[in-house]
Amino acid sequence: STTARSSAQPDASVRTVDALVVGAGFAGLYALHVLRGQGLDVHVVDGASDVGGTWFWNRYPGARCDIESIYYSYSFDADLAREWQWSEKYAGQPEILAYLQHVADRYDLRRDISFDTWVREARYDEGDDRWRVTTQDGAVVSARWLVLAVGLLSSTNLPDIPGRDDFAGPVLHTGRWPHEPVDLSGRRVGVIGTGSSGIQAIPRIAEQAEHLTVFQRTANFSLPALNGAPDPDGVRRLIEDHAAVRDQVRRSSYGILLEPPTRGALEVAEEERLATYEERWREGTLTGILQAYNDLVRNQEANDTAADFVRSKIAEMVDDPQVAEDLMPRGYAYGTKRPCLDTGYFQTYNRDDVELVNLRRTPIERITERGVRTSAGEHELDVLVFATGYDAMTGPLLGIDPIGREGQRLGERWAEGPSSYLGIAVAGFPNMFTITGPGSPSALSNAVVSIEQHVEWLARLLAHATETGLTVIEADCVAEKEWTQHVQNVGDATLYPQTDSWYMGANIPGKPRVFLPYIGGVGHYRALCEALADDGYSGFATA
Ligand code: N01
């Protein structure tokens, strides 16, 4: 038993630390910096060969953030924010990766990170209240605290399409893009998937490839990014008034600067509404239209006004009426699948060398040695790209599948869907913390803002544990149940649960249908977490 093992002689080959952090992306790097800063012995492991997380893996052409870089970056150090200059409003992947590498060097983080190190097993030892983590190379780390900073969208989804392994040419997934540049010139390329990744990659691939075929199952809403230089006013304010701007961001609904809408879409005349949408369309932001009115994610009729507007824009941008029609999203509310920002996406379909295949009309039958066969015939390809997304939020955690009290696996515990306390702790899995886990604002926010909030809140909790000599911190079952219900209730007041999206786990066959993120708002959630901390961490059982 675990108890027997722990009462044996300490094993010299086992490395003992206070905290083991899994993941060296935005979350893991910051967790290391903060926890080490308060005197804990911290070690980080990551399966990648360098820091960066999402921004290490996503090297596909066109990969960039779609939240303004000046806000999609750390806020904890005003000097860092002043000194690092983003070259674009929405920085590309190489620049974001360079930023995270700079952060790793600037705060001397690398010396406590083991790269190329995947976790094989994480098991809670009830004998000594520590996590025993075995990595792929067989090394064992014993940690009081296990911090899972594994990301939301890091477990790739390669759909099980018949014949998938028969294709003779290179098969690429956007989330595992090769490090060496992929030369697509003179190649016939197929892309399956039109989510954020596909929508970013398709225009860039079209520029390089001899011919591009896009296989679209569900059309997506996308707004023009209008990328360019960072907003000079925003940059100036961040330099001159750093603390105040960051505070505003932290107290906001989504972790971005936004004037919250005060009126509903149906409260204003159509002419005014259209003028507002038109103005917002020219803003080049993810939330411009969705946050024009306060009822767009709650009221279908209101939502239709925004969806109709975006569809009318697609009709204007795409020359062929049938292609335009196929590209118009229908059957789900705008915003309830994550909206996209693009650079020339819809216009790409006006090229002679780009073909759209509407899989609703002609579904894929199988992948063959030579290409993709739909019900209408075979499309011959040299390269096949899967832009098919991720097993979101729970996938990365269940990839580790920690073993908690009484040998229970997280996968068993979450068989009906994830439950958690505040999206950061799970009953039965003491001393384990999920940074931006399911049940926290995470995916419905600027992830960097949510990461900093979770890490700082956890740091305060662990400082409290050090001061008071706690060795066990565990979510209380009742508190967890109430929180999980609250997350669903708040979600149910919106249109999100009606849509088949990764927010609902609907993109993965057999995954329980649960609204994964918490939509109560970043600022509200932060205040609630702070109040619980002030109150001596109610909802946690400690020993
Ligand atoms: O993945 P997705 P993604 N046959 O799940 C299709 C973030 N992100 O990698 O909608 C055919 O959104 C699927 O079709 P359907 C962002 O949060 C951000 O694009 O399921 N098609 C869909 O079209 C984003 O939301 C940025 O019918 C299949 C596509 O593949 C999240 O990551 C950039 C299929 C998957 O879309 C995930 O985005 C990139 C099948 N069997 C990503 N299976 C930024 O801009 C799936 N599809 C910051």
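Please keep in mind that the model is predicted.

I begin with the ligand. Its surroundings comprise 24 residues, and the closest are Ser 197, Arg 217, Thr 218, Lys 337 and Arg 338. By class, this shell divides into nine nonpolar, nine polar and six charged residues. Helix H6, spanning residues 196-208, supplies the largest share of the shell, namely three residues.

The side chain of Ser 197 places an N or O atom 2.6 Å from an oxygen atom of the ligand. At Ser 196, a polar backbone atom is 3.0 Å from a ligand oxygen. Thr 194 likewise contributes through its backbone, with an N or O atom 2.9 Å from an oxygen atom of the ligand.

I now move to the backbone. Asp 108 is not a glycine, yet its phi is positive, at about 50°. This residue sits in the loop that links helix H5 (93-106) to strand E3 (113-114). Asp 108 has a relative accessibility of 40%, so it counts as partly exposed.

The second case is Met 393, also a non-glycine residue with a positive phi, here about 65°. Its loop runs between strand E16 (383-386) and helix H13 (395-400). Is Met 393 buried or exposed? Buried means under 20% relative accessible area; Met 393 is at 1% relative accessibility and therefore counts as buried.

Methods
Residues numbered from 1 in each chain as written. Predicted model: local features only at pLDDT ≥ 70, side-chain atom pairs only at ≥ 80, totals over all residues. Heavy atoms only, no water. Near = heavy atom within 4 Å. Polar contact = N/O pair within 3.5 Å; in protein donor to acceptor, adjacent residues only side chain to side chain. Helix = DSSP H or I, 4+ residues; strand = E, 2+ residues; numbered from the N terminus. Nonpolar A, V, L, I, M, F, W, Y, C, P; charged D, E, K, R; others polar. Buried < 20%, exposed > 50% of the residue type's maximum accessible area, 1.4 Å probe, protein only.
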